[in-house]
Amino acid sequence: MTTEPTGRPSPGTAPSSTLDGALRLLDYWTTAYRRTWKGSAVSSFVVPLLYVLAMGVLLGGFVEADPATLEGATSYLAFVVPGMVAAQSMTTVFGEVTYPVMGMVKWHKTYYAMTAGPLAVPHVVLAHLGFVAFRVAVTAAVFLAVVAPFGVHESWWGVLLAFPAQVLIGLAFAAPIYAFSAGLKDESAFALVFRLGMIPLFLFSGAFFPVANLDQPLETLAVLTPLWHGVDLTRMLTLGTLEAGPALVHVAYLGGLVVLGWWWALRRLERRMVV
């Protein structure tokens, strides 16, 4: 293997692994985030806090319910915060793997430039999803820290475990939506993705009220959605009501979506870039 004087692999050398190839794009994603992070600050940090204040503190002050009806939460605020954290992990992803993916394929041709050398589609996909995971991690960390003074976290270990859970939730949505976006010819389908996908999930996956309040068919549909699994897992962790069996089901469900989404993303992007 030829190397530069620094000892790093030459840019023209084929990556030794998928991770190696993805890491070669680290400079690109670091530069892109450094130039654009201010534009995402409001949507990532301020808006979730306003939701917590409006729904949890102000509206929650009028909600009187037995903890048994709030899945173990001692107040509506304690109930809604973990739901908001999980929902924010999902909504962050929608903004990162819809129009940006299409732009890098169709408008800016960035992916074509990235793969003009020794890099291939798997390296590009892993690097992009890695950036999305970073975005979710930063947003979740700030969110969990900001709501801590409200006294909604029952245990420190639960919060620590809830943090990687947010990354898993984000990737469970990111990989399949990335795959969907990579194969689209135009952006018209994104309106349906947001209106019929993100918004209903945000409202009816247990973030704001127990899904048991829904009619039986709708409750069944809700518990089949990825966000419900993410909300329930986050809530169990932050409230200290963790049950090993259901938690493992949630992790397996979300992890399965990551794997299937990764496989689909590779196939869709390879086919799209060959055309």
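**Confidence first**

Me: Which helix has the lowest confidence, and which the highest?
Reply: This is a predicted model. Confidence is lowest in helix α2 (residues 26–58), with a mean of 77, and highest in helix α11 (residues 244–274), at 94.

Me: What about the protein on average?
Reply: The average pLDDT is 85, and 87% of the residues score at least 70.

Me: Where does pLDDT stay under 50?
Reply: Over residues 1–6. For that stretch the model has 10 contacts beyond four places in sequence.

Me: Which residues are buried in α8?
Reply: F190, V193, G197, M198, L201 and F202 are buried there. Just after α8 comes G206, with a positive phi of about 90°.

Me: Which residue has a positive phi although it is not a glycine?
Reply: That's K109, at about 60°. Most residues other than glycine have a negative phi.

Me: Where is K109?
Reply: In the loop between α4 (99–107) and α5 (110–114). K109 has a relative accessible area of 42%, so it counts as partly exposed.

Me: Switching to rings. How many aromatic pairs are there?
Reply: The count comes to 11 aromatic pairs. Take F131 and F134: their ring centres are 6.5 Å apart and their planes sit at 35°, so that pair is tilted.

Me: Where do F131 and F134 lie?
Reply: Both are in helix α6 (residues 121–147), 3 residues apart, which is about one turn of the helix. F131 is buried, with a relative accessible area of 10%, whereas F134 is partly exposed, with 39%.

Me: Why is the pair of F202 and F208 edge-to-face?
Reply: Because their planes are at 70°, and the cut-off for edge-to-face is over 60 degrees. Their ring centres are 5.3 Å apart. F202 is buried at a relative accessible area of 12%, and F208 counts as buried too, at 9%.

Me: Which residues do ring pairs link into a cluster?
Reply: Y28, W29, Y33, F131 and F134.

Me: What sits over the ring of F79?
Reply: The charged end of R235, 3.7 Å from the ring centre.

Me: Now D20. Buried or exposed?
Reply: Its relative accessibility is 18%, so D20 counts as buried. D20 lies in helix α1 (residues 18–23).

Me: What lies 2.9 Å from a polar atom of the D20 side chain?
Reply: The backbone nitrogen of S16.

Me: Last one, K185. Where does it lie?
Reply: K185 is in the loop between α7 (156–182) and α8. With 51% relative accessibility, K185 counts as exposed.

Me: And how far is the C-alpha atom of K185 from that of M102?
Reply: The two C-alpha atoms are separated by 8.4 Å, while the residues are 83 apart along the chain.

Key. Residues numbered from 1 in each chain as written. Predicted model: local features only at pLDDT ≥ 70, side-chain atom pairs only at ≥ 80, totals over all residues. Heavy atoms only, no water. pLDDT = per-residue confidence, 0-100. Helix = DSSP H or I, 4+ residues; strand = E, 2+ residues; numbered from the N terminus. Contact = heavy atoms within 4.5 Å. Buried < 20%, exposed > 50% of the residue type's maximum accessible area, 1.4 Å probe, protein only. Polar contact = N/O pair within 3.5 Å; in protein donor to acceptor, adjacent residues only side chain to side chain. Phe/Tyr/Trp six-rings, centres within 6.5 Å; stacked < 30°, edge-to-face > 60°. Lys NZ or Arg CZ within 6 Å of the ring centre and 35° of its normal.
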